[in-house]
Amino acid sequence: MTATVERPAEEQSWLLCSHCRSPLYAKRFRRALGVCARCGHHGRLTARERIAQLLDPESIEPIEVPPAPDDPLGFTDRLPYRERLAAARRDTGLDEAAVGARGTLEGIPVAAVAMDFGFMGGSLGGGVGEIITRTAEIALAERRPLLIVSASGGARMQEGPLSLMQMAKTSQALRRLDEAGVPTVSLITDPTYGGVAASFASLCDVIVAEPGARMGFAGPRVIERTIGQKLPADFQTAEFLLQHGHIDAIRARAELRPALRRILAGLGASRSGQVPAPSEPGVADAIAVDPDELTTQDPWQTVRTARATERPTALDFIGLLVGDFEELRGDRIGGDCQATVGGVGLLDGQPVMVIGQQKGHTPAELTARNFGMPVPAGYRKAGRLMRLAEKAGIPVVTFVDTGGAYPGVEAEQNGQAAAIAENIRLMSGLRVPVVSVVLSEGGSGGALGLAVADRVLMLENAFYSVISPEGCAAILWRDPAAAATAAAELGLTAPRLLATGVVDGVVREPPGGAQADHFAAADALSAALRSVLADLRTQSTAALLESRHARFRRFGAT
């Protein structure tokens, strides 16, 4: 644990926090998992401490890996490499800068490997690469999720190009896990740099970081010297990485075990090692499938009702319907989108990936969420999560609620049209069940980017349109005041959409609309989703894909 001390932490009564320099009572510091009570700084832990903190103690079974060659190049700098290795082994009690283990995490079987920065800066050499690869191979053979805890300054220079090859070796081990559908989770701790950041640490399905943990390819001093610029104070920190879409979440050390358990359970892992059996169909009469069953409504009034800020949003429904929800963020390219939310959880006890377009209720929320208008990073994040669902073999449920994709200059520069197009193509071929629900407003291609599904549902007072009534009125009538007339012509209400087959079912809303009773609306939507998903789960992958293709193929055909 990082602190300014003269003796090992376990032998001292008091320590100094390496960040804020506050005195810390050593036993209390250890009970706090190495986190400073004053400033919240997360001190460094050894690899063994990481394994002990994350896995259930009685379940830990070390993974023995044959030693790699000690000095493949006969390298000498100020000291021979063999002497450096001997000193690191003596100081840490480890054979290498990583430790692998089988075990359970809150009852879920996992294979885990943790790196130790105290062993030559956690550098990636042949020994570390072999431990990570062997642990991944055990995860593959036993179909256990793989958890990697990274802490490294980069590749081990004393092993030359052989250390570089460990990046490829470990990356291809993760590729095999991808092909087999075995979940992988990366935990970023401080620091994680160089070849580790540019290989397995960044390749896992889900990336979680501790507060303040730094990750990057090149270190900040190298970057500043290279470009001659002063870097931001938070550069390469977990907070910076989250903002720029490179990681999914930041979790304090005390929150890691439950957060990781929720992620693994949401990806289909369970305490028994088996996915729970599908539940029985729910009450199907929550869904109207005949337009004559629905009350005819004034289209313009429907539009106004759907836009009411009191209506339940995607996050409202997620909170009411999805247990153990763990939000996942970032497009892994350089952005995140507050108007697009998504993550894993349990819907009626079953693992599911849920993705939605989020507006808000107050002016501040609406502004923060860009009024529910996604930018390209939002569609790319959604695409990443859908591919993860396909790997894990879990259904995708999307909640559509947007006036349209954001039309700004930056969005166009970042490929808004291409991002939407990629999602439409991706969803058409996803090999897992897909259900989309229009919650309130389904606007144009911005909505369709999340609505290519096996079943498309909508709430009774929602609407789904090729363009907003105001936009249509301005273009065709050349009069924005003709919006009500345009709404009547656009065929955007639930009865019209059900009649044309654009939607497959309409979820009835409680008296006064979903905005009058969020809980009743959630109950109706829960029953509808339960019924639809139970039906889709009985179909083979080939049948799902063929049916989905036929569903969209028929539009516009005789």
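The model is a predicted one, so local features need pLDDT of at least 70 and side-chain atom pairs count only at pLDDT 80 or more, while totals for chains, interfaces and linings use all residues. Residues are numbered from 1 along each chain as its sequence is written, and side-chain values use heavy atoms, with hydrogens and water left out.

Confidence (pLDDT, the predictor's own score for each residue, from 0 to 100) averages 93 over the chain, with 96% of residues at 70 or more. Residues 1–9 fall below 50.

In secondary structure, the chain comes to 22 helices and 19 strands (DSSP runs numbered from the N terminus: H or I of at least four residues for helices, E of at least two for strands). Its C-alpha trace spans about 80 × 50 × 45 Å along the principal axes. Some 52% of the 558 residues are buried, meaning under 20% relative accessible area, with exposed over 50% and partly exposed in between (1.4 Å probe, protein chains only).

As for the backbone, most residues other than glycine have a negative phi, and most peptide bonds are trans. Asp-190 and Pro-191 are joined by a cis peptide bond, with omega about -10°; Pro-191 sits in strand β7 (residues 184–193). Asp-348 has a positive phi, near 55°, in the loop between β13 (340–347) and β14 (350–357); at 37% relative accessibility it counts as partly exposed. Asn-370 has a positive phi too, near 60°, and lies in the loop between α13 (363–368) and α14 (376–392). Asn-370 is partly exposed, at 24% relative accessible area.

How values were computed
Contact means heavy atoms within 4.5 Å.
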